[in-house]
Amino acid sequence: MPVDFSRLQSRSRGRVVLPDSPDYDGVRQVWNASIQRHPAAILQCAGAADVREGVRFAAEQGLTLAVRAGGHNVAGLGTCDDGLVLDLRALQGVRIDPAAKRARVQAGVTWGVFDHEAQAFGLATPGGVMSTTGIAGFTLGGGFGWISRRHGTASDNLRSVDIVTASGDARTVDAESDPELFWGLRGGGGNFGVATSFEYALHDVGPEVVAGPLIYPMDQAHDVLSGWAAAIGGLRDEAMSVAVLRTAPPDPPFPEHLWGQPVLSLSLMWIGAPQDAESALAPLRSLGRPAVDAFGPKPYTAFQKAQDRYWSPGAENYWKADYLTGLDDAAVGTLVEAGKSFSSPASDIKIVGFGGVLARTPEDFSAYGNRSAAALVNINTRWTASTPTVDHVGWTRDLWDQLHRLATGVYVNFLGQEGANRVFEAYGAEKFRRLTALKATWDPENFFHVNQNIPPRP
């Protein structure tokens, strides 16, 4: 029998969007165009009360429930077929307390919005490497960004979370009220409830930082990437770097003679005293002969937005990622050759340098794991209908297979739809045991399963 969604609409402030609604196709579409799902209804939640009603309604009706927040989950886990989607994008509240250095942020917010408010006071907490990332899934999965070597992950800076549990109850979880659940929420993803708002610690960052890319032609890529891999572990905590292999787009700061050509970019950020930037980043600044050196003072918010235009919605995407013990010479060679042969010019390969506070934080501090990894590689393959028909997925998997020998685990936020074994890899045996025990307590029927799922322990 068809579900009568008029009862849900009568209980909610937000709008219920049905398949016969004129804007249904636009509302149902998620960031990754490779994911095409057709939910029975989408509740555009106006507040936490709507989330409670949606959870209770889905449970009463036996509907699959998916939760969509503000960002770009590559696996498309913010939607489902034939179930109910809770769309949280209207939850846009941000309150900054500069005296206490705390922020209370609702789940539909992206880092660009959060940073705009916090930077008015020269404050920040670790966000993504682009401003269009949503805070909710990012934080629940751990969340590292440009200031993480100094200030840890977004989840490390979490002070409390408002959630709606599988029973439809609302509760605030922190280290005092329920330390084990709070441990699990910091890295365990959306397995234990629907997060409606987050309280973060803030740090003095910006409004101006010293940051920017060094861009190299591909004939220097092997030597520069080898030098980068050797240097990143010894950088001061205030420094962060991401190496990116890509095809140069026809945009500044890429010089015109490199447009359409493979390049290596070293993106750098320094959040310490500006006068120390050159000496602190000297091990990277001295590598090779960059065609472009755009490292210098700039607004923190501007640098956070620098990659946004290359990762807008509407394209198809396939990712494969791993934490790595490091990059040996063979891996550098593999990466450089891949950078010359992308299956699509819109793709890139990002290698994130770790260490600093991330590595010094105890592994059992939260569910987020793999803190001792030297680096993380994320192969971001992206294409549109106009891209020549090739096997983009196969190209990505082949490259990942060649690098996987160096893997120590995987970052749950970069997982696609890769199965239970890969979710296990994100946590390891001991953390997975704790997480399945938490799941058995808070969601014994696995109601929240449209996620990187952790099953309840029998």
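# Loops, prolines and crossing helices

Visitor: Does Asn370 count as buried or exposed?
Guide: Buried means under 20% relative accessible area, exposed over 50% and partly exposed in between (1.4 Å probe, protein chains only). Asn370 has 13% relative accessibility, so Asn370 counts as buried.

Visitor: And what kind of model is this?
Guide: Residues are numbered from 1 along each chain as its sequence is written, and side-chain values use heavy atoms, with hydrogens and water left out. Local features need pLDDT of at least 70, side-chain atom pairs count only at pLDDT 80 or more, and totals for chains, interfaces and linings use all residues, as this is a predicted model.

Visitor: Back to Asn370, then: what is its phi?
Guide: Asn370 sits in the loop between helix 13 (357-360) and strand 19 (375-383); helices (H or I, at least four residues) and strands (E, at least two) are DSSP runs, numbered from the N terminus. Most residues other than glycine have a negative phi. In Asn370, which is not glycine, phi is positive, near 65°.

Visitor: Where is Asn446, which also has a positive phi?
Guide: Phi of Asn446 is near 55°. With a relative accessible area of 17%, Asn446 is buried. Its place in the chain is the segment after helix 15.

Visitor: Which residue does a cis peptide bond join to Pro252?
Guide: Most peptide bonds are trans. Here omega is about 5°, and the cis bond joins Pro252 to Pro253. The loop between strand 13 (239-247) and strand 14 (262-270) holds Pro253.

Visitor: What is omega for the cis peptide bond from Gly206 to Pro207?
Guide: Pro207 belongs to the loop between strand 11 (203-204) and strand 12 (208-217). The bond from Gly206 to Pro207 is cis, and its omega is near 5°.

Visitor: Now for Tyr411: is it buried or exposed?
Guide: Tyr411 lies in the loop between strand 20 (407-409) and helix 15 (420-442). Leaving out residues up to four places away in sequence, Tyr411 touches Phe138, Gly141, Gly142, Gly143, Phe144, Tyr323, Tyr368 and Leu376, where contact means heavy atoms within 4.5 Å. Its relative accessibility is 2%, so Tyr411 counts as buried.

Visitor: Which side chain does a polar contact join to that of Tyr411?
Guide: A polar contact is a pair of N or O atoms within 3.5 Å; within protein, one must be able to donate a hydrogen and the other to accept it, and residues adjacent in sequence count only if both atoms are side-chain atoms. The polar contact of Tyr411, at 2.8 Å, is with the side chain of Asn413.

Visitor: Which backbone nitrogen does the side chain of Ser347 reach?
Guide: Ser347 is in the loop between helix 12 and strand 18 (348-353), and counts as buried at 2% relative accessibility. Among the residues that Ser347 touches are Arg246, Thr247 and Asn380. At 3.0 Å, its side chain reaches the backbone nitrogen of Arg382.

Visitor: Is Ser279 buried or exposed?
Guide: Ser279 lies in helix 9 (residues 277-280). A polar atom of its side chain lies 3.1 Å from the backbone oxygen of Asp276. The relative accessible area of Ser279 is 54%, which means exposed.

Visitor: At what angle do the axes of helix 8 and helix 12 cross?
Guide: Axes are lines fitted to C-alpha atoms, for helices over the stretch in contact, and angles run from 0 to 180 degrees between N-to-C directions. The axes of helix 8 (residues 221-231) and helix 12 (residues 329-339) come within 10 Å and cross at roughly 135°.

Visitor: What does that make helix 8 relative to helix 12?
Guide: Angles under 35 degrees count as roughly parallel, over 145 as roughly antiparallel, 65 to 115 as roughly perpendicular and the rest as oblique. At roughly 135°, helix 8 is therefore oblique.

Visitor: Which residues of helix 12 does helix 8 meet?
Guide: The crossing is right-handed; a crossing is left-handed if the near helix is turned anticlockwise from the far one by less than a right angle, and right-handed if clockwise. From helix 8, Ala221, His222, Leu225 and Ser226 meet Asp329, Val332, Gly333, Leu335 and Val336.

Visitor: How do the residues of the contact of helix 12 with helix 14 divide?
Guide: The axes of helix 12 and helix 14 (residues 392-403) cross at roughly 165°, which makes the two roughly antiparallel. Ala331, Thr334, Leu335 and Ala338 in helix 12 meet Trp395, Leu399, Gln402 and Leu403 in helix 14. Ala, Val, Leu, Ile, Met, Phe, Trp, Tyr, Cys and Pro count as nonpolar, Asp, Glu, Lys and Arg as charged, and the others, Gly among them, as polar. The contact residues divide into six nonpolar, two polar and no charged.
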